[in-house]
Amino acid sequence: MDFLYVLRVVYRSTFIIDKTAPKVDEVTAVTTPTNDSTPDYTFSSDEAGTITYGGSCSSSTTSATTGNNTITLVSLSDGTYSNCTIIVTDSAGNASSALSVSTFVVDTTAPSVSSFTLSDTALITGDNATVTLVFSEAVASFSSSADITADNGTLAAMSSADNVTWTGTFTPTTNTEDASNTLSLATSYTDTAGNAGPAETTVNYAVETL
């Protein structure tokens, strides 16, 4: 009698059930204001996955790794960005909560000079003139002693309550007679985003203190 032995091998496959969504957090926000229209942003994720962008921001980087991820945002126009979000979806399809990118401002527009005037343009012995300099926006690195050159006189340190309108007192040099003089603003100042402003001069003023 022949016996047929049948060997049945049962294979058991191993699989993992993953219902845990990635956790994402902000690491380094965009500097604000910034004059960089393609700023960097860094966030962390505890899982690798695919990045989805929401709001007004996006990036060519679409994959996240475990740990810190630095992305470069696509070119942004000037304005305030307050609705940008990032979501990371892992390989199991679990999506993180939307990470809200901290609000930031992009400003690539250079400041301009609205007015640069003296209260008196015919200065004689004993006279002083109030100098008023008005910018189109707040400036962050302006110093009258470093940024303004005064012909035949001294300009006291200018001050401002809002960094837009600046005032100071100009005192003419004694024993001087010169009909052609100006105050000159250099280009060594910037706005709060780092954009350099233009040079400017006042109208002519005469000094007669001889």
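Where is Asn163 found? I come back to that in point 7; here are my notes, bearing in mind that this is a predicted model.

1. The main core. The largest nonpolar core has 20 residues, and the members that touch the most others are Leu133, Phe135, Phe142, Ile148, Phe170 and Leu185. Two or more residues each come from strand 10 (113–118), strand 12 (129–135), strand 15 (165–172), strand 17 (183–185) and strand 19 (205–208). Strand 12 makes the largest contribution, with four residues. As background, nonpolar side chains tend to be buried together in soluble globular proteins.

2. Leu185 and its neighbours. Leaving aside residues up to four places away in sequence, Leu185 touches Val113, Phe116, Leu133, Phe135, Phe142, Asp147, Ile148, Pro198, Ala199 and Glu200. There is also another core, apart from the largest one, made of 19 residues that include Val30, Ala64, Ile71 and Leu76.

3. Aromatic pairs, part one. The count of aromatic pairs is six. Take Phe142 and Trp166: their ring centres are 4.9 Å apart and their planes sit at 70°, so this pair is edge-to-face. Phe142 is in the loop between strand 12 and helix 1 (144–147) while Trp166 is in strand 15, so the pair ties together parts that are 24 residues apart in sequence. Which side of the burial cut-off do they fall on, buried or exposed? Phe142 counts as buried because its relative accessibility is 9%, and the cut-off is under 20%. Trp166 is buried too, with a relative accessible area of 9%.

4. Aromatic pairs, part two. Another edge-to-face pair is formed by Phe170 and Tyr205, with 5.1 Å from centre to centre and 65° between the planes. Here too distant parts of the chain are linked, with Phe170 in strand 15 and Tyr205 in strand 19, 35 residues apart. Both Phe170 and Tyr205 are buried. Ring pairs also join Phe135, Phe142, Trp166 and Tyr189 into a cluster, and of these Phe135 and Phe142 were named in point 1 among the core members that touch the most others.

5. The cavity. How many cavities of 30 Å³ or more does the model have? The count is one, and the largest cavity holds about 40 Å³ of space. Its lining consists of Tyr41, Tyr53, Cys57, Ile71, Leu73, Cys84, Thr85, Ile86 and Val101. By class, that makes eight nonpolar residues, one polar and no charged ones.

6. Thr52 sits in strand 3 (residues 49–54) and counts as partly exposed, at 42% relative accessibility. Thr52 and Ala98 are 46 residues apart in sequence, with 9.3 Å between their C-alpha atoms. Thr192, in the loop between strand 17 and strand 18 (200–201), is partly exposed as well, at 44% relative accessibility. The C-alpha atoms of Thr192 and Glu137 are 8.7 Å apart, although 55 residues separate them along the chain. With residues up to four places away in sequence left out, Thr192 touches Pro33, Ala138 and Ala140.

7. Backbone points to look at. Most residues other than glycine have a negative phi, and most peptide bonds are trans. Against that, the peptide bond joining Thr32 and Pro33 is cis, with omega about -5°. Pro33 lies in the loop between strand 1 (24–28) and strand 2 (40–45), and Pro33 is one of the residues that Thr192 touches. Back to the opening question: Asn163 is in the loop between strand 14 (153–155) and strand 15. Its phi is near 65°, a positive value in a residue other than glycine, and Asn163 is partly exposed, with a relative accessible area of 33%. Asn175 also has a positive phi, of about 50°, without being a glycine. The loop between strand 15 and strand 16 (177–181) holds Asn175, which counts as exposed at 60% relative accessibility.

Technical notes:
Residues numbered from 1 in each chain as written. Predicted model: local features only at pLDDT ≥ 70, side-chain atom pairs only at ≥ 80, totals over all residues. Heavy atoms only, no water. 1 Å grid on protein atoms, 1.4 Å probe; cavity = no way out; pocket = protein on both sides within 12 Å on 5 of 7 lines; lining within 4 Å. Points joined across faces, edges and corners; volume = space filled by probe spheres on them. Nonpolar A, V, L, I, M, F, W, Y, C, P; charged D, E, K, R; others polar. Core = buried A, V, L, I, M, F, W, Y, C linked by side-chain atoms within 4.5 Å. Buried < 20%, exposed > 50% of the residue type's maximum accessible area, 1.4 Å probe, protein only. Contact = heavy atoms within 4.5 Å. Phe/Tyr/Trp six-rings, centres within 6.5 Å; stacked < 30°, edge-to-face > 60°.
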